[in-house]
Amino acid sequence: MWRKAVSILIVLILGGAVVFFVFKSEPKLNPNFQAESSFFKNFPFRLGLDLSGGSHLIYKADVSGVKAGDVSVSMDALRDVIERRVNLFGVSEPIVQVQSSGFVSGAEEKLIVDLPGVTDVEKATAMIGQTPLLEFKTEAPAGTPQKATVSKDGKVTLDAGPQFVSTELTGRYLQKATLEFDQTTREPKVSLQFDDTGTKLFAQITKDNVGKMVAIYLDGAPISTPVVREEIPNGQAVISGNFTPTEGKQLVGRLNSGALPVPISLLSRQTIGATLGSDAVTAGVKAAIIGFLIVALFLILWYRLPGLIAVLALCIYITIMLALFKLFPVTLTAAGIAGFIISIGIAVDANILIFERLKEELHTGRTVSEAVDAGFHRAWSSIRDSNLSTIISAIILFWFGTSLIKGFALTLGMGVLVSMFSAIMISRIFLSGLILVGEGKVARFLFSSGISK
Amino acid sequence: MFIIKHKKIFISISIVLVLLSIASLFIFGLRIGIDFNGGALTEVAYKNSRPIQSDLDTAFKSLDLGSVLIQPTGELGYIVKSLDLNEAQHILLLKTLSQDGKSPLEEKNFNSIGPSVGRELTRKAIIAIVLVSLGIILFIAFAFRKVSKPVSSWKYGLMAVVSLLHDVMIPIGLFTLLSHFYGAEADTLFVVAALTILGLSVSDTIVIFDRIRENLKNKTGASFSETVGKSLDQSYMRSIFTSLTVIIVLLSLFFFGPESTKYFALMLTAGMFFGTYSSIFLASPLLVLVEEWQKK
């Protein structure tokens, strides 16, 4: 007796606490949100790009020049550089992630960049494109054919490309770049300081190429081709080209924010305007509320008292899900919200299976409390089996999906798991407590369902 | 018992619907979206009034952007479909749409997908379809491993798979109609919808098979067909209701939800509807049919 009442109380208090948390941490619901402690401010809903507006860029990284074993290191370095570059421009919560090649994702190494709030795709790509690609190349062995092209107006251009061959030394190993002025000519020059690995590489390159040219390439074009006089062991190099002090200053800024370890090219771009996103959020919330209300109405009309309890369990289910979205946090997309809305419909399935069973047991002449026990006990195997198949689909979709599918699979899968808890545990605690209404005609009516007496 | 008595009629209805869906797939075909094919989609909304479509069409003809398809959307907008665009082409497209600035506009959505990204997604989708199907089949085999008399457990599994194919085929058939008449395109969400139908509709079949399993154990009913008939009578209501709640939220999603998930919701609704139909009117009657053939 007492134990049942206490469990009901505990569930109500815990449920209330979750409601309190969701309410307090949601600026749209809480008028005093600004005044709340930072704890509540730390858990907003995280909206995906399709809801918040922003740009989604997919780059292909050309790793053909990188040794097979070093690919993942280079890709991580690339991600760090792009992340720094994006942060430099003050985008809030950008996401930069590497998608490695593999059986599922294909043969290309990709970099995925999400920029919330940036709806100008040209600006966004410019932001990333400005990162300089710094390479050091050495003279090709004698005898390498040089390509000369003759343009229409008769001008002959000598392609410097094949003349030089790539080395392992790239902007990846750069520690610092500074702008200096030549003491005699007052010309601006950029001095580079390599890190430990870079210093060793540079020493080796200069040692092997005394008397030859070492070309410094920026974004695929040679900017300086000095002749090496002697081995340089201290990891310092100087770029002196024909640039103005302003250009030099820009170059230093770009080099310091990080040079790209591997070249990248843009594969696909998506930009979603902010209005489209907020429209989708409003529509999603509206659909969820209307769907919930109709399901609740159906449950109460058809299943009476147990139906009311199922609605209560469903309310607790919804707040638990919302709290989990905030706590994890789960990035919500339009597909993710759809998954959540569908899970509201699935969440009551277990209740329906139990209640139908309960009704059947009542018909066989059991008492209300026996029927409740049997209903829960006997419905369990079909609840477990019918939810497992949905969970299997959700797991596989999550594993293989793009961010869009992941959002859907995650909310649906989470929903099914949480609902098994809420529909069975919570409604069982409530129902077994309410058996206290007795065994009279009224009780039997309340526990029956449908159009039966 | 009504359903078992008239099982051949119900099975025929299903066969006809599936055949119609397959026919529709071959006749109308499926419009594949830019997710898989690569290409660009630009959605703009004009600030004041939108220019006449034919003016824009002629303006695009003189440009080197390949085929450009313009569709009106909302009161003041156009959706423009084209090959995938680089930055210069994108700027050119916007400039042309705004008639060199004469008709100010706001770009609401821009999506350009390179062919290699499309190929990658196609590969992923195929792997996901194979794995989900395998996972569900293994799961069904596992769920019914203990039932073996008088119909062996793999036959339950087979019937569940047959009804699953039915549940997925009919919504795909409906989608080809949407694709043909309303220009719906098969995108990532289309594949997700098909795979979710696999997961959701099998659960209905399992609820009823579970009841057959229980009644066989308790020896309810004199013959197999009577047991199945009784099981159906006992469980068709809950099968309908569990689907009904999901269909309610799906319809709510279709009527009130975001634009981007409308076709998705519609396809899932069809999947849930035919999933329920098949678990009551197809899977169990088929089981009885198989048992009758066995006896002969």
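Where in chain B is confidence lowest, and where is it highest? I looked this up before anything else. Helix α1 (residues 2-5) of chain B has the lowest mean, 83, while helix α2 (residues 7-28) of chain B has the highest, 94. The score here is pLDDT, the predictor's confidence in each residue, from 0 to 100. Chain B averages 87, with 98% of the residues at 70 or above. For the model I noted ipTM 0.88 and pTM 0.80.

Notes on conventions. This is a predicted model, where local features need pLDDT of at least 70 and side-chain atom pairs count only at pLDDT 80 or more, whereas totals for chains, interfaces and linings use all residues. Residues are numbered from 1 along each chain as its sequence is written, and chains are lettered from A and ligands numbered from 1 in the order in which they are written.

Next, the contact (C-beta atoms, placed from the backbone, within 7 Å). I find 58 residues from chain A and 57 residues from chain B in it. On the chain A side, α11(A) gives the most, 13 residues.

Then the strands. β14(A) pairs antiparallel with β4 (residues 105-113) of chain B over 5 bridges; pairing takes at least two DSSP bridges. S268(A) sits opposite I113(B) in β4(B).

Technical notes:
Contact = placed C-beta atoms within 7 Å. Helix = DSSP H or I, 4+ residues; strand = E, 2+ residues; numbered from the N terminus.
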